[in-house]
Amino acid sequence: MSDNKRRALVDTDFVNHIISSSTNGKDILQKIFEEFNIIPVVHPWVAANEFVTTGLQNLLKTGIIKVLSQSEIVGSDDEFLKQYEAVASQMYLRLNDESISFDGKIFEIRKAQSSLGEIHTVITAKYLSIPIMCSDDHGAKDIAPLVNNDSFKLCVYNAFDVINEISQNSETKITYKECDRILSKCNEFNTKRYKELTKTIKENYRTHEHIKR
């Protein structure tokens, strides 16, 4: 990743896996954002509907993760909102094999098991030219390519990707134990990958003489 700080859209699964990994999970989360030169932001719909636990809400209240405003995404032009809804409708149909009508209320409608959070997030990434998404949602890497083109590419990093890169950085301030605890929180969706990466990060940390931390 670039040395210049860039905004990155984050989701609850990614954040939860990190902050729940230890008693200082919030501090580890901040160290990860700092190490990757990321300014974490979240879509207002995701903030309102998915950042519902006390721990997640505190991250928003303290500004560790910043909430984007609806006006920043679609402005005050009704036509721009209609365009946003049209793109969302097409994506929703493709992902759920059913139609949906938003009628100007896309920022208010909630529907379980419909990938609305991911739809909001990837469209916003494209609209605001935010090139990074940190997500542990199963389908995030499948949805992201729907907004990619010759001039924009949304890269999705899950916890496995982040820990792998951290372990290769000889100057990292994040310890092996912290990495291992994070991985143990997200191994349920890919046990094989967890075992492979656990072995890899241990070898990487040994190389950097950080394994005892």
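**Helix packing and local features of the predicted model**

The axes of helices α1 and α2 come within 7 Å and cross at roughly 120°. This angle makes α1 oblique to α2. The model described here is predicted. On the α1 side, the contact involves Phe14, Val15, Ile18 and Ile19. These residues meet Gly25, Lys26, Ile28, Leu29, Ile32 and Phe33 of α2. By residue class, the contact of α1 with α2 holds eight nonpolar residues, one polar and one charged.

Helix α1 also carries His17. His17 counts as buried because its relative accessibility is 11%, and the cut-off for burial is under 20%. Its side chain is joined to that of Asp136 by a polar contact of 2.5 Å.

Both α1 and α2 contribute to the cover of another helix, α9. Helix α9 spans residues 159-167 and is mostly covered, with seven of its nine residues buried. The buried residues are Ala159, Phe160, Asp161, Val162, Ile163, Ile166 and Ser167. Besides α1 (12-19) and α2 (25-35), the elements that cover them include α8 (140-143), strand β5 (155-157), α10 (176-185) and α11 (191-207). The N-terminal end of α9 is capped by Asn158. A side-chain oxygen of Asn158 lies 3.0 Å from the backbone nitrogen of Phe160.

The packing of α9 on α11 was examined in detail. The two axes come within 9 Å and cross at roughly 15°. Helix α9 is therefore roughly parallel to α11, as angles under 35 degrees fall in that class. The crossing of α9 and α11 is left-handed. From α9, the contact draws on Phe160, Ile163, Asn164, Ile166 and Ser167. Their partners in α11 are Arg193, Tyr194, Leu197, Thr200, Ile201, Asn204 and Tyr205. Seven residues of the contact of α9 with α11 are nonpolar, four are polar and one is charged. Of the α9 residues in this contact, Phe160, Ile163, Ile166 and Ser167 are also listed as buried.

Helix α11 also includes Lys195. Lys195 is exposed, with a relative accessible area of 57%.

The crossing of α6 and α7 is right-handed. Helix α6 contributes Phe80, Gln83, Tyr84, Val87, Ala88, Met91, Tyr92 and Leu95 to the contact. Helix α7 contributes Leu116, Ile119, His120, Val122, Ile123, Thr124 and Tyr127. The residues of the contact of α6 with α7 divide into 12 nonpolar and three polar, with no charged residue.

Ser89 also lies in α6. With a relative accessibility of 22%, Ser89 counts as partly exposed. Leaving aside residues up to four places away in sequence, Ser89 touches Ile100 and Phe102. The C-alpha atoms of Ser89 and Tyr176 are separated by 43 Å, and these residues are 87 apart along the chain.

The loop between α6 (78-96) and α7 (116-127) holds Asp103. Ser115 is found in the loop between these helices as well. The phi of Asp103 is near 50°, a positive value in a residue other than glycine. Ser115, again not a glycine, has a positive phi of about 65°. The relative accessibility of Asp103 is 63%, so Asp103 counts as exposed. Ser115 counts as partly exposed because its relative accessibility is 28%.

Definitions and conventions. Residues numbered from 1 in each chain as written. Predicted model: local features only at pLDDT ≥ 70, side-chain atom pairs only at ≥ 80, totals over all residues. Heavy atoms only, no water. Buried < 20%, exposed > 50% of the residue type's maximum accessible area, 1.4 Å probe, protein only. Helix = DSSP H or I, 4+ residues; strand = E, 2+ residues; numbered from the N terminus. Contact = heavy atoms within 4.5 Å. Polar contact = N/O pair within 3.5 Å; in protein donor to acceptor, adjacent residues only side chain to side chain. Axes fitted to C-alpha atoms, helices over the stretch in contact; angles between N-to-C directions. Parallel < 35°, antiparallel > 145°, perpendicular 65-115°, else oblique. Left-handed = near helix turned anticlockwise from the far one by under 90°. Nonpolar A, V, L, I, M, F, W, Y, C, P; charged D, E, K, R; others polar.
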